[in-house]
Amino acid sequence: MFGLGLAGAYGNLTIEALGGASAALLISLATRLLVGIAWYRMFQLAGKRGYLAFIPLVGPYTAFRLAWDDFSMAAIFSATTFVAWVNAVGVVHPVVGACAVINFILWWFMALLTSVVFQTNMILGFVYGGIPWAGGLLIALWPSASYKGPWSSDPEADQNLTSQERKKRRKKAAKEAKKQG
């Protein structure tokens, strides 16, 4: 979300009017705030509590789980998002850099999947991947956006079944429910 090399792009640029604050830090915080606003709306569309978008580690984890129903990848994304922010404000270390690269890859994966699960145009997914605050706000506020549920890599998930198989599964579930009650 924060971009690789954000600190490198702004170097030692500081904003004296704000007490000498690092430009990279201010840009990363502004980006996170705007993405948090977008996530707030997306979480509401998905039936989640919107305020979770602003909680560190929980916001990225929940956003990823909205796109892909995989606990482990969401946990990795959440952790690497924090480490990528550390990288964006100027901490240079091989492990931090590796986490930032992993986060970059997962971010793009999540951005494209988000456009699919919110039933918006894939172009918005590319905008979300490249300009997180703009793409996130576009997806969140898109008039026809509606949440259809996360993508699942489970071969037994409903999304991987044909319409006939889904119908058969619903009939079987109804039959089982009738038997029990």
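These are my notebook entries on a predicted model of one protein chain.

**Entry 1: ground rules**

I number residues from 1 along each chain as its sequence is written, and side-chain values use heavy atoms, with hydrogens and water left out. As this is a predicted model, local features need pLDDT of at least 70 and side-chain atom pairs count only at pLDDT 80 or more, while totals for chains, interfaces and linings use all residues.

**Entry 2: confidence and layout**

I checked pLDDT (the predictor's confidence in each residue, from 0 to 100) before anything else. The chain averages 86, and 90% of the residues score at least 70. Confidence is lowest in helix α1 (residues 6-10), with a mean of 61, and highest in α3, at 95.

Next I listed the secondary structure, taking helices (H or I, at least four residues) and strands (E, at least two) as DSSP runs, numbered from the N terminus. I get eight helices and two strands, in the order α-β-β-α-α-α-α-α-α-α from the N terminus.

For burial I used relative accessible area: buried is under 20%, exposed is over 50%, and partly exposed is in between (1.4 Å probe, protein chains only). Of the 181 residues, 37% are buried. I then looked at contacts (heavy atoms within 4.5 Å). Among those with a separation of 6 or more, 48% join residues 24 or more positions apart.

What does Tyr 128 touch, leaving aside its neighbours within four places in sequence? I find Trp 39, Met 42, Trp 107, Met 110, Ala 111, Thr 114, Gly 135, Gly 136 and Ile 139.

I followed that into α7, where Pro 132, Ala 134, Gly 135, Gly 136, Ile 139 and Ala 140 are buried. The cover over the buried residues of α7 includes α2, α5 and α6.

**Entry 3: empty space**

Rolling a probe the size of a water molecule over the atoms shows where empty space is left. My search ran on a 1 Å grid over the protein atoms alone; a cavity is a set of points where a 1.4 Å probe fits but cannot get out, and lining residues have an atom within 4 Å of a point. Points are joined across faces, edges and corners, and the volume is the space filled by probe spheres set on them.

How many cavities of 30 Å³ or more turn up in the whole structure? The search gives one, and the largest cavity has a volume of about 40 Å³. Its lining is Trp 39, Met 42, Phe 43, Ala 63, Leu 66, Ala 67, Thr 114, Phe 118 and Tyr 128. Both α2 and α3 give two or more residues to that lining.

I sorted the lining by type, with Ala, Val, Leu, Ile, Met, Phe, Trp, Tyr, Cys and Pro as nonpolar, Asp, Glu, Lys and Arg as charged, and the others, Gly among them, as polar. That leaves eight nonpolar, one polar and no charged.

Leu 57, in the loop between α2 and α3, has a positive phi near 70°. Leu 57 is partly exposed, at 45% relative accessible area. Gln 119, in the loop between α5 and α6, has a positive phi of about 55° and is partly exposed at 43%.

**Entry 4: single residues**

Is Ser 78 buried or exposed? Ser 78 sits in helix α4 and counts as buried because its relative accessible area is 6%. Beyond four places in sequence, Ser 78 is in contact with Leu 57, Val 58, Pro 60 and Tyr 61.

I also looked up Ala 88 in helix α4, which is buried at 0%. Its C-alpha is 9.4 Å from that of Ile 27, 61 residues apart along the chain.

Terms used:
1 Å grid on protein atoms, 1.4 Å probe; cavity = no way out; pocket = protein on both sides within 12 Å on 5 of 7 lines; lining within 4 Å.
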